Amino acid sequence: MFQKTPSYRIIRPVGLILLLLFAAFPVFFLFMSAFKTPNEIFRFPPTFVFRPTLENFGKVFTDWSLFMVGMKNSAIIAFGASLLTILIAAPAGYALSRHQNRFLDTSAFFMLAIRMYPPIVVTVPLYPVLAQIGLMDTHWILVLLYCTFFVSLSTWLMKTYMDEVPVELEEAASIDGASAFQRVTKIIIPLSAHGLAATAIFVTIFAWKEYTFAYIFTGTRVQTTPIVLHQMLSPVTGVSFGPLFAAATMQLLPILVFIWLVQSYLVKGMKTGAVKG
Amino acid sequence: MRTAQSPIGSRHLISALLIIPALLPLVLFILLPAIQSVFMSVQTVTLGLPSEYVGLEHYANMIEDDVFHTAFWHTIMFSFTSVAGEVFFGLLAAVLMSTRFKLEKFYISLIMVPYAVSEVVAIIIWKYMLEPDVGIINYVLVAFMGLPQIEWITYPVQTWAVIILLRVWLRFPFAFLIIYASMVGIPDELYESAYIDGANNLQALIHVSFPLVTPAIMVATIFGFVFAFRNFATVWILTTGGPIHRTELLSTLLYKEAFQVWHFGAASAIAIVMTALTFLIAAYYLRNMYRQMFLSRA
């Protein structure tokens, strides 16, 4: 695209290295610091060569059992929200892809518009209602809310993926005597599996890092990891940075690996999501 | 679930049955609460007590309240600067990455790193790196560049700089992906013909790339604003809006009104302002989508 002039040959690699440092170095530095002793953490100037220790991780297990409970809660909620979102967004995406009428068009536009609504704004009217029906401080409330805020994007994603499955395939199956159920299980689901995966990925990433809803709608019973990490960051007794870094590493590393594994879905999904939904 | 041969009526019914489960949570958890918050904003609502109609009193109080003004302008200032930063870095990254090369995917995966990070982890990392005495950033600033160290907890301008830096870091990968996708879609022929006409790289960038990625930049900007207006976690975890409201946003003020002093009515008035700001920005995008969906078919 650009001509490889001498200045281009200098500017581009230098720019890229600075950019990658900005993006990834802070996380690398966190992971590294998690393996340092407290003395090493506060050594100035910061060191890059040191004897790594697992002491901080041990302390998280012994002193912050809350954190491990948080990991479990986050996993349950991420899984539940992904599953629920897939279950309701896949049929909706199918309807938008295969049918066309006024109600569907209006619904599709409604989905686009309503997703702009700021989440913190709905917390105020929801709070008294949720308190009354006993949904506060449960896994369910976060599953429902995370699903709600991703159902629009997911439906549009599913529609886009299902648009790529030719209608002729379904018609041919229908002529061969396949039932509606068989057409769904044998054709639609296998061929739009990438869409299902992309949906699950978006919901999981969001659920794993979400703070506001978790902070407002959960108390002591169902805490997710961002909430526990916040507590570890601001205890009255002063922060112990070693365990904090270790816990942050345990929270971030799995989702980071996950993102790398599923990068291509994510890139495609974001393009679809932002441009179309 | 039938295809072409089914009668129209049953097709409509089936499609409605398929989409209604997806609409249900949106109506229950967003639309109805949104309507409810309009009613709450003209009432005095306290948990456990019957609510009382007060007209526009909450709005009148809000407009006279200095803290609201501060929070409002902070929200505007914060959104403009952080969105400008996000889009700038996203665009810069997209330009640098636009020529295809071997390690492309690996580079993208590194640029995507902040996308996985939650606000609280971002704050843990950057607080440590920006620590005035032992932080690595001050080490680099002071030792290598001879600059004064950042005392960001003491000075409000520096606190804002840290908040915006965090925000830009967390959000620029999103802007990057949107703009990058559009950038790599530009056909090579357009560049080649520009070079034949004697353009250099910078001219090609300005006259070929920029006009063609403008729609993507618009989308990144609009979504940037929509997400900046709603931001709560970054500021709440870092400063809780303090000290003395110096980093207050509409979102943190809303939280305090609602969940610290339990003034649901006053909080709802702030909620309406936040919603209005959001839809003011989103209107442009929604109008385009509306045209695409309803008018292009005619």
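Reading along the sequence, chain B runs α-β-β-α-α-α-α-α-α-α-α-α-α-α. That is 12 helices and 2 strands, where helices (H or I, at least four residues) and strands (E, at least two) are DSSP runs numbered from the N terminus. The radius of gyration of chain B is 24 Å, well over the 19 Å that the globule rule gives for 298 residues, so chain B is more spread out than a compact globule. That radius is taken over C-alpha atoms, and the rule is 2.2 Å times the number of residues to the power 0.38.

A word on the source. This is a predicted model, in which local features need pLDDT of at least 70 and side-chain atom pairs count only at pLDDT 80 or more, while totals for chains, interfaces and linings use all residues. Residues are numbered from 1 along each chain as its sequence is written, and chains are lettered from A and ligands numbered from 1 in the order in which they are written.

Now chain A. It has 14 helices and 0 strands. Its radius of gyration is 23 Å, against 19 Å from the globule rule for 277 residues, so chain A too is more spread out than a compact globule. The C-alpha trace of chain A spans about 75 × 65 × 35 Å along its principal axes.

One helix of chain A deserves a look. H4, residues 65-98, has 34 residues and should span 50 Å at 1.5 Å a residue; its end C-alpha atoms are 50 Å apart, which agrees. The expected span is 1.5 Å times one less than the number of residues. H4(A) also bends by about 25 degrees at A:Ala89, with A:Pro91 following within four residues. The bend is the angle between axes fitted to the seven residues ending there and the seven starting there.

Next, how do the chains meet? In all, 88 residues of chain B are in contact with 85 residues of chain A, contact being C-beta atoms, placed from the backbone, within 7 Å. On the chain B side, helix H1 (residues 8-40) gives the largest share, 19 residues.

Last, the largest nonpolar core. Of its 172 residues, A:Tyr146, B:Ile179, B:Leu254 and B:Ile270 touch the most other members. Such a core is a set of buried Ala, Val, Leu, Ile, Met, Phe, Trp, Tyr and Cys residues joined through C-beta atoms within 7 Å; buried takes 20 or more other C-beta atoms within 10 Å of a residue's own. Helix H7 of chain B (residues 156-183) gives the most to this core, 17 residues. Leaving out residues up to four places away in sequence, B:Leu254 touches A:Ile120, B:Ala267, B:Ile270, B:Ala271 and B:Met274.

Definitions and conventions
Two residues are in contact if their C-beta atoms, placed from the backbone, lie within 7 Å. A residue is buried if 20 or more other C-beta atoms lie within 10 Å of its own, exposed if 12 or fewer, and partly exposed in between; C-beta atoms are placed from the backbone.
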